[in-house]
Amino acid sequence: MKDIARQQMSIKVESMDMLNAQIQMEGRASASYLAMASWCDQRGYNQSADFMYKQAAEEREHMMKIFKFVNDCGGNAISPAIESTNHDFSSLEEVFETALSQEIDVTKSINRIVAAAKKNSDFGVENFLQWFITEQLEEEKTMRDILDLFEIMGRDGIALKLIDERISAE
C-alpha cells in the first residue's frame, strides 16, 4: 500500500526529503530570528527587534508554505524539531552577520533542491521554488545593506543608535 501511495505523489521522494530538510531549516531560522529579536529587545535596539520579529514570522511563513506544498503533492511533510538556538551575541553587528550567514545557508539549500529537481525532472518542485529563489536574493541584499551601515557609520555609541533607527520592519 505504501508503494502505491508513493507512486501517486506528484513530487519525487528525493524532492520530498529535501523539502522536509528545508522545512527544518526554515523552522530553525524562525527560532534564530526570535532569539535575535529578544537580544535586541533586551538592549534597547527597538527597530532591530521589530525587524527580527518580522523575520521570524516570515521564516515561519516560508516553512508553512513548503509544508503545505509537500502535503498538497501527496507527500508527508514533517514538523520540525527545533533545538539549540543561539541566544548569545556580542554586538548588534554580530546579530546581522549571523542573519546574513543564515540567509546564505538557506539560499544554498534552496539552490541545491532546485538543482536536484531539475536533474530529476521534478518540474512542479522546480517551479514552486522559483519564488523562494527571488525571495532569498532580496533577503541577502537586505542583510548586506544593513551590514554596510556599520562600515559607513561605525560600531559604537551613537552610531549604533542611528543604525538601529534606520532598520525598518516594513
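Just after helix H3, Gly 74 takes a positive phi of about 90 degrees. The model is predicted, with local features requiring pLDDT of at least 70 and side-chain atom pairs pLDDT 80 or more, while totals for chains, interfaces and linings use all residues. Residues are numbered from 1 along each chain as its sequence is written, and side-chain values use heavy atoms, leaving out hydrogens and water.

Helices here are DSSP runs (H or I, at least four residues), numbered from the N terminus. Helix H3 covers residues 46–72.

Two packed helices are described by the angle between their axes and the distance between the axes. Helix H2 (residues 13–42) packs against helix H4 (residues 92–119) at about 170 degrees, with axes 11 Å apart; the axes are lines fitted to C-alpha atoms over the stretch in contact, and angles run from 0 to 180 degrees between N-to-C directions. H2 is therefore roughly antiparallel to H4 (an angle over 145 degrees).

Ser 32 lies in H2 and is buried, with a relative accessible area of 11% (buried means under 20%, with a 1.4 Å probe and protein chains only). Leaving aside neighbours within four places in sequence, Ser 32 is in contact (heavy atoms within 4.5 Å) with Thr 85 and Gln 102.

Leaving aside such neighbours again, Met 52 is in contact with Tyr 33, Met 36, Ala 37, Val 95, Phe 96 and Ala 99.

Key:
Helix = DSSP H or I, 4+ residues; strand = E, 2+ residues; numbered from the N terminus. Parallel < 35°, antiparallel > 145°, perpendicular 65-115°, else oblique. Expected span 1.5 Å × (residues − 1). Buried < 20%, exposed > 50% of the residue type's maximum accessible area, 1.4 Å probe, protein only.
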